[in-house]
Amino acid sequence: MTPHRLDVFARGTDDRLYTISWTGESWTAWRQLAPERISSDPAAVSWSAGRIDVFARGTDNQIYKISWDGSQWTGWSQLGDGQFSSGPAVAAMTPHRLDVFARGTDGRVYTISWTGESWTAWRQLAPEQISSDPDAVSWGPGRIDVFARGTDNRIYTISWDGTRW
């Protein structure tokens, strides 16, 4: 996070990841971040000054991330093993902590976490099936709310309160 700077990410019509930035004075031109194709809209989060992580589903239905470390972009890296039918959602409830959510091919929500040192394994978050991409937000240290549309077309939420889901 840099004061007065905004970074926007989008999947182009060629299924590649693009970005445009507000510098505090003007917008840059759109530019392609990586040549690999993605099959979902991206989800982005900044968990410390100068750090951005962007997540998307690849054409192989795996979740991938690409990162800005303050000076350059990394290449795409795969997050664990799993098959997903939605794009990812991501939230950062504390510095150096990321939680990523996606709908598995079984229709259930799965999550994987960056602990500050390593990624956990993907695990099922709840037994209920959803019919949309999940969305996630952290509104305080140790707090995350995940939202999704259920198979009955109602909106559901599950929350992390700092100790349990």
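Me: In which loop does tryptophan 30 lie?

Reply: In this predicted model, tryptophan 30 belongs to the loop between strand E2 (16-22) and strand E3 (31-37).

Me: Why is tryptophan 30 called partly exposed?

Reply: Its relative accessible area is 48%. Partly exposed covers the range between the buried limit, under 20%, and the exposed limit, over 50%. Tryptophan 30 is therefore partly exposed.

Me: Which residues form a nonpolar patch on the surface?

Reply: Leu6, Val8, Trp27 and Trp30 form it, and their accessible area together is about 420 Å². Membership requires over 30% relative accessible area; tryptophan 30, at 48%, therefore passes that cut-off.

Me: Which members of the largest nonpolar core touch the most other members?

Reply: Of its 14 residues, these are Phe55, Ile63, Leu79, Val90, Val100 and Trp122. At least two residues of this core come from each of strand E4 (43-48), strand E9 (97-103) and strand E10 (108-114). There is also a second, separate core of 12 residues, with Ala89, Leu125, Ile144 and Ala148 among them.

Me: What does phenylalanine 55 touch, not counting residues up to four places away in sequence?

Reply: Its contacts include Leu79, Val90 and Val100, as well as Asp41, Pro42, Tyr64 and Trp119.

Me: What makes the pair of phenylalanine 101 and tryptophan 165 edge-to-face?

Reply: A pair of aromatic rings is described by the distance of the centres and the angle of the planes. Here the values are 5.9 Å centre to centre and 85° between the planes. Centres within 6.5 Å make a pair, and planes over 60 degrees apart make it edge-to-face; the pair is therefore edge-to-face. Phenylalanine 101 is in strand E9 and tryptophan 165 in the segment after strand E14 (155-160), so the pair links distant parts of the chain, 64 residues apart.

Me: How do you know whether phenylalanine 101 is buried or exposed?

Reply: The relative accessibility of phenylalanine 101 is 0%, and buried means under 20%. Phenylalanine 101 is therefore buried. Tryptophan 165, at 29%, counts as partly exposed because this value falls between the limits of 20% and 50%.

Me: Why is the pair of tryptophan 160 and tryptophan 165 called tilted?

Reply: The centres are 5.6 Å apart and the planes make an angle of 55°. Stacked requires under 30 degrees and edge-to-face over 60.

Me: How many aromatic pairs does a search of the whole structure find?

Reply: The search finds nine aromatic pairs. Ring pairs also link Phe9, Trp68 and Trp73 into a cluster.

Me: Why are asparagine 153 and arginine 154 called exposed?

Reply: Exposed means over 50% relative accessible area. Asparagine 153 has 57% and arginine 154 has 58%, so both count as exposed. Not counting residues up to four places away in sequence, arginine 154 touches Ala148 and Arg149.

Conventions: Residues are numbered from 1 along each chain as its sequence is written. This is a predicted model: local features need pLDDT of at least 70, side-chain atom pairs count only at pLDDT 80 or more; totals for chains, interfaces and linings use all residues. Side-chain values use heavy atoms; hydrogens and water are left out. Patches are made of residues with over 30% relative accessible area and no salt bridge: like charges are joined within 9 Å, nonpolar side chains (Val, Leu, Ile, Met, Phe, Trp, Tyr) within 5 Å. Accessible areas come from the Shrake-Rupley method with a 1.4 Å probe; for residues, only the protein chains shown count as cover. A salt bridge is a side-chain nitrogen of Lys or Arg within 4 Å of a carboxyl oxygen of Asp or Glu. Helices (H or I, at least four residues) and strands (E, at least two) are DSSP runs, numbered from the N terminus. Buried means under 20% relative accessible area, exposed over 50%, partly exposed in between (1.4 Å probe, protein chains only). A nonpolar core is a set of buried Ala, Val, Leu, Ile, Met, Phe, Trp, Tyr and Cys residues joined through side-chain atoms within 4.5 Å. Contact means heavy atoms within 4.5 Å. Rings of Phe, Tyr and Trp (its six-membered ring) pair if their centres lie within 6.5 Å; planes under 30 degrees apart count as stacked, over 60 as edge-to-face and the rest as tilted.
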